Amino acid sequence: MKQFYSFIKKEFYQIFRDKRTLLILLVMPVILVILLGYAINTELNDVRIAVFDPSKDTETRHVIERFRASKYFSVIKELDTKSEINDVFKGGNMDMVIVFPENFSARLHKREANIQLIVDGTDPNQAYMLTGYAGGVLSSYQMELLERYDIPVQIQTETRMLYNPQAKSAYNFVPGVMGLILTLICAMMTSVSIVREKEMGTMEVLLASPMKPIQIILSKMAPYFVLSITTLVIILLLAVFVMGVPIRGSLFWLALSSVLFIIVALSLGLLISTLVDKQMSALLVSGIGLMMPVLVFSGLIFPIENIPWVLRWISDVIPARWYIAIVRKIMIEGVGVQFFIKELCIIVVMALVLITVAWKNFKVRLC
Amino acid sequence: MAAVSVENLCKSYGKVQAVNKLSFAVEEGELYGIIGPDGAGKTTLFRILATLMLPDGGTARVAGYDVVNDYRTIRNLIGYMPGRFSLYQDLTVEENLNFFATVFSTTVDENYSLIEDIYKQIEPFKKRLAGKLSGGMKQKLALSCALIHKPEVLFLDEPTTGVDPVSRKEFWNMLLKLKRQGITIMVSTPYMDEATLCDRIALIQNGEFLEVDTPRHIIDRYPDVLWSVKSDKMHRLLDDLRSYPHVKSSFSFGETFHVTFYGQGSPGELEAYLSDRGHQSVEIRKIAPSVEDCFMLLGRKGKNGK
């Protein structure tokens, strides 16, 4: 026990003396959360729209008023001819054009009203969100129609963002950042720190000492376990109190699944450290093998819906993907354990498999 | 019981036979030197004995325990200092020592007397990071760390490589002191001058022992009369020496060449021969052979034998 304590003390000395790494570990989550929260804002604001309205009746006016009233849209131009549509997009100062048919009001009562939304598709993610927002405005108008005329109006577009009606990006990235940071600290840092012992030759001395491999492994993991819990708390505090992301579900299950995921990531780090001999390769393997998939599959950069099925299949073996799904379900959706029991089981199985493999792979000798 | 006993030990990396059917024994309390050039197999041998590597064949026992099956027991009994500086560079001298003391379930105070002489010299720098120490001080710290648990057998793999001559001498004085305390020490070195300080030495080349004996006996068995040759045109001297038909062997040895003759050769004739070839201020002195001369002779025999 004294050996264990002394080893952890030594490990912390090393971590605290390596100012650069420590800075990355503690400051990066803060920067990531703030950066993604404010600078890289994927929410829509001041969407510039133009309207082509040949019918010019009360109903179309109502619809346009609706868009004017929305804080997301500003109607900056009314077009007189259809040919102008192309021109305003070419100018690059228009995000969306709403095209009404002729005799909109009459069509509406015959239940065949339709509205065309034309968006700039060069940024598909933004275009996807634009139509979603506009669909929201239109459907709320339809609800109003229903009350006013008491006629069943055909609802043609149903684009509703469940749980995140305003498509707040903070809801999306906080679980992603959690998966990313925990992977980084646990898997990357643990593997690099074990491999550093190999590279510096200190592993040779440790192995020739009476210390058991289990002691070496546990004392290597413990500091990073503590560190990752610390950063987890930092991220959650920032998310709740600064970004206003709720924790709707149970804190207990969030903590439990986080601890399970940390165990998975730690075992992954251990596994990597048994496979490589250079810090650089450990960094590459954990960087490309773990961090990239987290970035790609967490919805941090690309919406998961846009990922091709082949890649989604690959993402299934990435532990962070399941963890992020659980965090989303607990924090944002606030659902009970029965809704993420599958993901949780997958993580438990992964933990067991990884620990066993890493364990079997750990060498009590140099080669 | 021998502190270390090795029989038919083999280890190869691919086609390279790093350790080739070695058999030897180190007595308790002995200072045993493994002398040989880089790549001779010294480090591999040490790693096998320190239970860090599995041999391909043969057996090795340390303090009576088998290096393969009883590696756990052996790890409690040995002190091992790898060839490369292997302490934590980002920990201070003191922290390193304390850390290794607890790793071996002991304290610095408990065995302080053993390391006192060595540690005293680096104690003024105990708050300094180990990475910022000079080469000699690093080795003293590494030795302190390897000794802190009072091991029965000490394995030192090239402890003085890259250390200045003064520190090397100090280091060896410490080893002699440790030996007097009854610790068995196995040390490897590429420096032949250090060999004479050992009780017995094994000359190793290509994974095989050329000879094992006391340094005195090895030197006494040198069969030829050895001459040291010097002239003003040193760069040409080796070629000219080798072209002289009666020269049996000639090796560069610092600032001179060490030469032996066949029966008919004599220093007087060689001097005349060299003068004819334009060498001036030729100096030929009879000298006593050193371990290195023995090594060169034995190493050449080994090669010719193959």
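Helices here are DSSP runs of at least four residues, numbered from the N terminus. With that label in hand, helix α9 of chain A is followed by A:Gly244, a residue whose phi is positive, near 70°. The model is predicted. Chains A and B touch: 33 residues of chain B are in contact with 29 residues of chain A.

**Domains**

- Chain A is divided into domain 1, made of residues 2-40 + 168-361, and domain 2, made of residues 47-149.
- The centres of these two domains of chain A, taken over C-alpha atoms, are 45 Å apart.
- In chain B, the domain assignment gives domain 1 as 4-219 and domain 2 as 223-288.
- Taken over C-alpha atoms, the centres of domain 1 and domain 2 of chain B are separated by 39 Å.

**Helix α9 of chain A**

- This helix covers residues 213-242 and has 30 residues.
- From its first C-alpha to its last, α9 of chain A reaches 43 Å.
- That is close to the 44 Å expected at 1.5 Å a residue.

**Where the chains meet**

- About 2800 Å² is buried between chain B and chain A.
- Carbon and sulfur atoms give 57% of that area.
- Which three residues supply more than any other three of the area that chain B buries against chain A? They are B:Leu52, B:Arg75 and B:Tyr88, which supply 21% of it.
- Across the interface of chain B and chain A, 16 residue pairs are in polar contact, with both residues at pLDDT 80 or more.
- Three elements of chain B give two or more residues to the side that touches chain A: α2 (71-77), β6 (78-81) and α3 (93-103).
- Helix α3 of chain B gives the most to that side, with five residues.
- The residues on the side of chain B that touches chain A divide into 19 nonpolar, eight polar and six charged.

**Salt bridges**

- The count over all chains comes to 32 salt bridges.
- How many salt bridges are found across the interface of chain B and chain A? The rule finds two.
- B:Glu95 forms a salt bridge with A:Arg17, and their closest N and O atoms are 2.7 Å apart.
- Within chain A, A:Glu78 forms a salt bridge with A:Arg68, with the closest N and O atoms 3.3 Å apart.
- A:Glu78 sits in strand β2 (residues 73-79) of chain A, while A:Arg68 sits in helix α3 (residues 58-69) of chain A.
- These two residues of chain A are 10 residues apart, and the pair links distant parts of the chain.

Technical notes: Residues numbered from 1 in each chain as written. Chains lettered and ligands numbered in written order. Predicted model: local features only at pLDDT ≥ 70, side-chain atom pairs only at ≥ 80, totals over all residues. Heavy atoms only, no water. Expected span 1.5 Å × (residues − 1). Domains from an automatic or database assignment. Contact = heavy atoms within 4.5 Å. Buried area = accessible area lost by both parts, 1.4 Å probe. Salt bridge = Lys/Arg side-chain N within 4 Å of Asp/Glu carboxyl O. Polar contact = N/O pair within 3.5 Å; in protein donor to acceptor, adjacent residues only side chain to side chain. Nonpolar A, V, L, I, M, F, W, Y, C, P; charged D, E, K, R; others polar.
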